[in-house]
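Let's take a walk through this protein together. Have a look at the chain below, and then we'll go through its confidence, its core and its charged pairs.

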Amino acid sequence: MHLPQYEIIPDESSYKFTFISEGKNGAIEKVILYEEVIEGIFNLGFGDKDPITGAINDRSVTNNGDTEKVLSSVVSAIYAFTEKFPEAWIYAEGSTPSRTRLYQINIVKYFDLVERDFELQCLLNQEWEDFRPNINYEAFVIKRKRVSYDNETN
């Protein structure tokens, strides 16, 4: 994916990434945090960093005019995380139904890329299924597909 994105900065564990959103409302620090909720399954937390507490606010509405660039930066962090932890499944659900829908819109928009690089399952009525367009899913899990080195020569 060659879309504009912010420089993401991982911590030493590669479980946390930060970047600065720059737009009409100024510079806002964003945080992406992977937390293992069940062995091998990591929740993707994302939001603005509270400047006082340092906590992630996943309900803030920044309206910085850079949504595509922010989402592209989150995707970049997903690639970086799954490169280091290739067996990890990443669980993603928006903090609101409209945010989950925004994630789904972008899955549709870049489905060829998603399908090429990731296994994707979607939650609907407490059941996991393959992605189908025009269905409002509750959550998603993805896992990086194995890279084939069959065409490499030594």
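A quick word on burial before anything else: a residue is called buried at under 20% relative accessible area, exposed at over 50%, and partly exposed in between, using a 1.4 Å probe and protein chains only. Keep in mind that this is a predicted model, in which local features need pLDDT of at least 70 and side-chain atom pairs count only at pLDDT 80 or more, while totals for chains, interfaces and linings use all residues. Residues are numbered from 1 along each chain as its sequence is written, and side-chain values use heavy atoms, leaving out hydrogens and water.

The protein chain has a mean pLDDT of 91, and 94% of its residues reach 70 or more. Among the elements, β6 has the highest mean (98) and α2 the lowest (90). Helices (H or I, at least four residues) and strands (E, at least two) are DSSP runs, numbered from the N terminus.

Now for the inside. In soluble globular proteins, nonpolar side chains tend to be buried together. A nonpolar core here is a set of buried Ala, Val, Leu, Ile, Met, Phe, Trp, Tyr and Cys residues joined through side-chain atoms within 4.5 Å. The largest one has 28 residues, and Ile32, Tyr34, Leu44, Ile78 and Leu120 have the most contacts inside it. At least two residues come from each of β2 (16–23), β3, β4, α1, α3 (111–117), β7 (118–124) and β9. Which element gives the most to this core? That's α1, with 6 residues.

Setting aside neighbours within four places in sequence, Ile78 is in contact with Tyr34, Leu44, Ile90, Phe118 and Ile142.

Over in helix α2 (residues 97–109) you'll find Gln104, which is buried at a relative accessible area of 1%. Beyond its neighbours within four places in sequence, Gln104 is in contact with Phe131, Ile135, Asn136, Tyr137 and Phe140.

On to the charges. Side chains of opposite charge can pair when their charged atoms come close. Counting a salt bridge as a side-chain nitrogen of Lys or Arg within 4 Å of a carboxyl oxygen of Asp or Glu, there are 6 salt bridges. In one of them, Lys49 pairs with Glu29, with the closest N and O atoms 3.9 Å apart. Lys49 sits in strand β4 (residues 41–49) and Glu29 in strand β3 (residues 26–38), so this pair ties together parts 20 residues apart in sequence. Lys49 is partly exposed at 31%, and Glu29 is partly exposed too, at 28%.

Asp48 and Lys30 also meet in a salt bridge, at 2.5 Å from N to O. Asp48 lies in β4 and Lys30 in β3, so they link parts 18 residues apart in sequence. Both Asp48 and Lys30 are buried.

Conventions:
Contact = heavy atoms within 4.5 Å. pLDDT = per-residue confidence, 0-100.
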